[in-house]
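Here is a friendly walk through some contacts to look for in the model. Keep the sequence and the structure side by side as you read.

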Amino acid sequence: MKAELQDKPWFNTPTMHPFWMGVIGFLVNLFGLFFLGWKLETVVWLLWFEVIFIVGASLIRAFFALQGQPFLNTLLMRVFWTGAGAFLGIAFIMLTVTFTINGIDMARKGNSSMMGLQPQIIVLFVNYLAGLVLNYFANGSFKTAHPAGELMKTFVYLLVLLAIIMPITMHLLPKFPAWSDSKWVGLAVASAKFLVDMGFSRAGRTKEVQVSNQD
């Protein structure tokens, strides 16, 4: 069974964002926008949860990145990198909130947009958990991974994501506040994240192919 899985690119490519994770996340947003009546506010709430899941997964990857050595040999170094990653992760979560909070109607304190989101949050949590288990532990990527490298991939991803979403939430919305009630602006934010997910997924596969060709 495992031999069959190792022939699948979605399983054996050590990328933090296999393509199916991005597709599932995008479909969750599409379903909410077009069938549940979501607006930008709800998409932003979900984005915050996704960033928390992404940072949490990166810390787990960093702690279990063995660099080809026994678990105890690099324990102190991995604890250091995990701790440093936690501080940076909290900073990125705060940056995400700061850069996208214009999409939240603070007068309503988010009550209406958060109601009924538990199923979607659970789906996204399972999505990131499955990505961590399948594309890091089950395929053995953790055995040769470097903790700093795992954290760097995550923070570069978040930087790119925020740089693309920021013009929408920090520049357009203050000029056109009525757009915050538009599902199309929510779709634009969800699409931006989907494109970043696909870009990093493709970059991970391309790097793996290059390494295989060198070997």
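**Reading the model**

Buried means a relative accessible area under 20%, exposed means over 50%, and partly exposed lies in between (1.4 Å probe, protein chains only). This is a predicted model, in which local features need pLDDT of at least 70 and side-chain atom pairs count only at pLDDT 80 or more, while totals for chains, interfaces and linings use all residues. Residues are numbered from 1 along each chain as its sequence is written, and side-chain values use heavy atoms, with hydrogens and water left out.

**Salt bridges**

How many salt bridges does the structure hold? There are four, a salt bridge being a side-chain nitrogen of Lys or Arg within 4 Å of a carboxyl oxygen of Asp or Glu. One of them pairs Glu 50 with Lys 193, with the closest N and O atoms 3.1 Å apart. Glu 50 belongs to helix H4 and Lys 193 to helix H9 (residues 183–214), so this pair ties together parts that are 143 residues apart in sequence. Helices here are DSSP runs (H or I, at least four residues), numbered from the N terminus. Both Glu 50 and Lys 193 are buried.

Next, look at Arg 61 and Glu 150, whose side chains meet in a salt bridge at 2.8 Å, N to O. Arg 61 sits in helix H4 and Glu 150 in helix H8, so the pair links parts 89 residues apart in sequence. Arg 61 counts as buried because its relative accessibility is 6%, and Glu 150 is buried too, at 8%.

Glu 150 also forms a salt bridge with Lys 153, where the closest N and O atoms are 3.3 Å apart. These two both lie in helix H8, three residues apart, which is about one turn of the helix. Lys 153 is partly exposed, with a relative accessible area of 29%. Elsewhere, salt bridges that share partners join Glu 50, Lys 193 and Asp 197 into one network.

**Helix H5 against helix H8**

The axes of H5 and H8 (residues 147–175) come within 10 Å and cross at roughly 5°. Axes are lines fitted to C-alpha atoms, for helices over the stretch in contact, with angles running from 0 to 180 degrees between N-to-C directions. H5 and H8 are therefore roughly parallel to each other, a label for angles under 35 degrees.

Gln 67 is found in the loop between helix H4 (40–63) and helix H5 (75–100). Gln 67 has a positive phi of about 55°, although it is not a glycine. Its relative accessible area is 25%, so Gln 67 is partly exposed.

Definitions and conventions. Angles under 35 degrees count as roughly parallel, over 145 as roughly antiparallel, 65 to 115 as roughly perpendicular and the rest as oblique.
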